[in-house]
Amino acid sequence: MWLVYIMVLLSFLIGSFPTGYIIVKKYHGFDIRTKGSGNIGSTNVKRVAGSKAATITQVIDIAKGIIPMVIAIAIYSYNKLPIDIYSFLSLVAIAAVLGHNYTPFLGFRGGKGVNTTLGAFIFIAPIPVFLGIMVHTLLKKAIPIVAVRSILLGVT
């Protein structure tokens with residue numbers, strides 16, 4: 001059972017890496033939380049630091065969901081754990097998203113978790129994730145507000 005606890009903690013720590021904050025601070029010299037919406041996610045990064053910084057933020061935030069899941073699958077494959085695979089992966093995914101949303105590196109205030117959720121849930125529910133991404137992309141012209149499309153992504 002100790003492996004489950006360690007993996008959940010590791011997932012939280014991976015998820016808590018404040019990507020947008022670090023990228024904007026390093027390359028643009030200011031705290032992203034003081035500009036735009038005040039959020040550290042890729043939408044606000046794009047708003048205040050441009051598309052290149054936003055794309056890097058988005059890719060890393062998605063990877064913060066993927067990496068813990070890949071590690072968890074490997075751990076589960078080689079160890080007899082007292083938990084079924086779906087419960088284990090769900091705990092790991094939730095921990096990564098909570099790490100992103102409540103990063104201890106920024107006083108437990110982070111992003112909204114959309115990209116990290118996508119990265120993690122590709123392994124749990126790949127078809128709904130890809131359908132949601134398609135809906136999000138197709139609605140780009142009709143609904144320019146990313147937050148509204150993200151809500152629709154969550155609903156699909």
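Guide: This is a predicted model, in which local features need pLDDT of at least 70 and side-chain atom pairs count only at pLDDT 80 or more, while totals for chains, interfaces and linings use all residues. Residues are numbered from 1 along each chain as its sequence is written, and side-chain values use heavy atoms, with hydrogens and water left out.

Visitor: Which secondary structure does the protein chain have?

Guide: Helices (H or I, at least four residues) and strands (E, at least two) are DSSP runs, numbered from the N terminus. Here the protein chain has 8 helices and 0 strands, giving the pattern α-α-α-α-α-α-α-α along the sequence.

Visitor: How many of the residues are buried?

Guide: Buried means under 20% relative accessible area, with a 1.4 Å probe and protein chains only; in this chain, 39% of the 156 residues are buried.

Visitor: What does the largest pocket hold in volume, and which residues are closest to its centre?

Guide: On a 1 Å grid over the protein atoms alone, a pocket is an open set of points where a 1.4 Å probe fits, with protein on both sides within 12 Å along at least five of seven lines, and lining residues have an atom within 4 Å of a point. A volume is the space filled by probe spheres set on the points, which are joined across faces, edges and corners. The largest pocket comes to about 850 Å³, and of its 32 lining residues, Ser42, Thr43, Gln58, His136 and Val146 are the closest to the centre. Helix 3 (42–49), helix 4 (51–78), helix 6 (114–124), helix 7 (126–138) and helix 8 (146–155) each give two or more residues to this lining.

Terms used
Buried < 20%, exposed > 50% of the residue type's maximum accessible area, 1.4 Å probe, protein only.
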